[in-house]
Amino acid sequence: MEQRTLGRTGRTVSVIGLGTWQLGADWGDVSVEDATAVLAASVEAGVTFFDTADVYGDGRSESVIGAFLRERPGHDITVATKMGRRVDQLRENYVLANFREWTDRSRRNLGVDTLDLVQLHCPPTSVVTSDEVYDALDTLVAEGAIAAYGLSVEESAQALAAIARPNVATIQIILNAFRLKPLDEVLGAAADAGVGIIARVPLASGLLTGKYTAETRFAADDHRNFNRDGSHFDVGETFSGVDYETGLAAAQEFAALAEAAAPGVPVAEVALAWVAQQPGVSSVIPGARSPQQAVANAAAGSLPPLGDEFFAGVRALYDNRLRAAIHPRW
């Protein structure tokens with residue numbers, strides 16, 4: 001699989017990584033055995049980048065990854081975790097003492113002395129723009145608790161504010177065929193600054209797999225069931241802020257574009273390849289609930305260029321059907 005530099009970390013990671021929210025919580029139950037099998041299948045397929053967070057299953061995702069990596073000494077896998085969602089989202093909670101506590105917990109879960117990359121986990125804008133927050137993060141680097149830091153953000157304006165900071169290594173942001181705003185506003189600025197882009201929710205919570213219908217039902221503990229209105233966390237994390245019915249219709253149009261551009265290739269692989277082929281993207285982090293999904297996701301990293309006609313078709317789909325339907329915040 002193609003390897004790319006992960007921004008200012010200087011690390012080389014696979015263009016298709018693995019998001020591990022599914023291995024922790026909010027996507028229905030996944031056993032430790034199944035989670036470990038997903039990690040193993042991903043690595044076998046060439047994945048060298050895992051993304052997790054301290055709140056995925058209250059540390060379960062980190063712990064599963066830590067146990068997996070301890071059985072593979074000498075591995076060449078970069079692990080990015082996230083912190084900040086364990087407290088009320090107030091600026092005064094984003095302080096050095098809490099940062100130390102949270103990173104110490106993540107280091108224990110992952111079984112490492114130094115975390116490869118820590119990202120603030122979708123903090124409020126008051127945190128993104130705070131000088132003291134970046135001073136505290138710089139202190140963690142100086143103390144050796146973390147090797148580098150970045151931010152996972154909800155809004156393009158937040159991404160641009162963080163990119164302007166000299167020691168921000170990466171920005172994680174929602175980017176998929178249903179969410180094009182980062183293409184227009186963020187990716188170029190990040191590339192100019194040498195900041196890596198980690199693209200999350202690349203399949204729009206599964207809509208872009210083409211497998212869902214109006215009759216599809218999600219488990220009670222699956223965020224695609226309980227967070228469609230954004231009542232539990234940011235609505236943009238669920239179906240990219242597009243209402244489900246509109247998303248289903250758009251997914252059918254996307255599938256037709258994908259079949260024309262890459263006949264016989266599963267639509268999910270095409271959707272991932274579209275993100276990976278955007279200039280400035282360091283790694284795309286789809287999730288997987290099974291080894292088969294993990295292998296299929298990784299295959300997207302070796303698809304040939306999809307072509308200008310396909311890219312134009314995706315843009316037209318967004319402009320004509322989705323732009324007006326996306327949640328007003330986006």
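Start by selecting helix α2 (residues 60–70) and helix α3 (residues 96–110), whose axes come within 7 Å and cross at roughly 45°. Helices here are DSSP runs of H or I with at least four residues, strands are runs of E with at least two, and both are numbered from the N terminus. The axes are lines fitted to C-alpha atoms, for helices over the stretch in contact, and angles run from 0 to 180 degrees between N-to-C directions. α2 and α3 are therefore oblique to each other; angles under 35 degrees count as roughly parallel, over 145 as roughly antiparallel, 65 to 115 as roughly perpendicular and the rest as oblique.

This is a predicted model, in which local features need pLDDT of at least 70, side-chain atom pairs count only at pLDDT 80 or more, and totals for chains, interfaces and linings use all residues. Residues are numbered from 1 along each chain as its sequence is written, and side-chain values use heavy atoms, with hydrogens and water left out.

Stay on this helix pair and show side chains. On the α2 side, select E62, S63, I65, G66 and R70, which meet S106, N109 and L110 of α3; contact means heavy atoms within 4.5 Å. The residues of this α2 and α3 contact divide into two nonpolar, four polar and two charged. In this division Ala, Val, Leu, Ile, Met, Phe, Trp, Tyr, Cys and Pro count as nonpolar, Asp, Glu, Lys and Arg as charged, and the others, Gly among them, as polar.

**T20**

Next, select T20, in the loop between β3 (18–19) and α1 (32–44). T20 has a relative accessible area of 0% and is therefore buried; buried means under 20% relative accessible area, exposed over 50%, and partly exposed in between, with a 1.4 Å probe and protein chains only. Leaving aside neighbours within four places in sequence, T20 is in contact with L39, D51, T52, Y56, S61 and I65. I65 was also selected above, as one of the α2 residues that meet α3. Draw a distance from the side chain of T20 to the side chain of T52: the two make a polar contact at 3.3 Å. A polar contact is a pair of N or O atoms within 3.5 Å; within protein, one must be able to donate a hydrogen and the other to accept it, and residues adjacent in sequence count only if both atoms are side-chain atoms.

**T9**

Move to T9, in the loop between β1 (3–5) and β2 (12–14). A polar atom of the T9 side chain lies 3.0 Å from the backbone nitrogen of R11. Apart from neighbours within four places in sequence, T9 is in contact with L117, A148, A169 and T170.

Select Q89, in the loop between β5 (78–83) and α3. Is Q89 buried, partly exposed or exposed? Its relative accessibility is 25%, so Q89 counts as partly exposed. The side chain of Q89 has a polar atom 2.7 Å from the backbone oxygen of G84, and makes a polar contact with the side chain of R85 at 3.1 Å. Not counting residues up to four places away in sequence, Q89 touches G84, Y94, C122, P123 and P124.

C122 is not a glycine, yet has a positive phi of about 50°. Most residues other than glycine have a negative phi. C122 counts as buried because its relative accessibility is 10%.

**V201**

V201, in the loop between β9 (196–200) and α9 (223–226), also has a positive phi of about 50° without being a glycine. V201 is buried, at a relative accessible area of 14%.

**α10 and α13**

Finish at helix α10 (residues 244–261) and α13, which pack at an angle of about 165° with axes 10 Å apart. α10 and α13 are therefore roughly antiparallel to each other. Select T246, A249, A250, E253, F254, L257, A258 and A261 in α10, then F310, G313, V314, L317, R321 and L322 in α13, to display the residues that meet. They divide into ten nonpolar, two polar and two charged.

On α13 (residues 308–322), select E309, which counts as exposed at 74% relative accessibility. A312, in the α13 helix too, counts as partly exposed at 45%.
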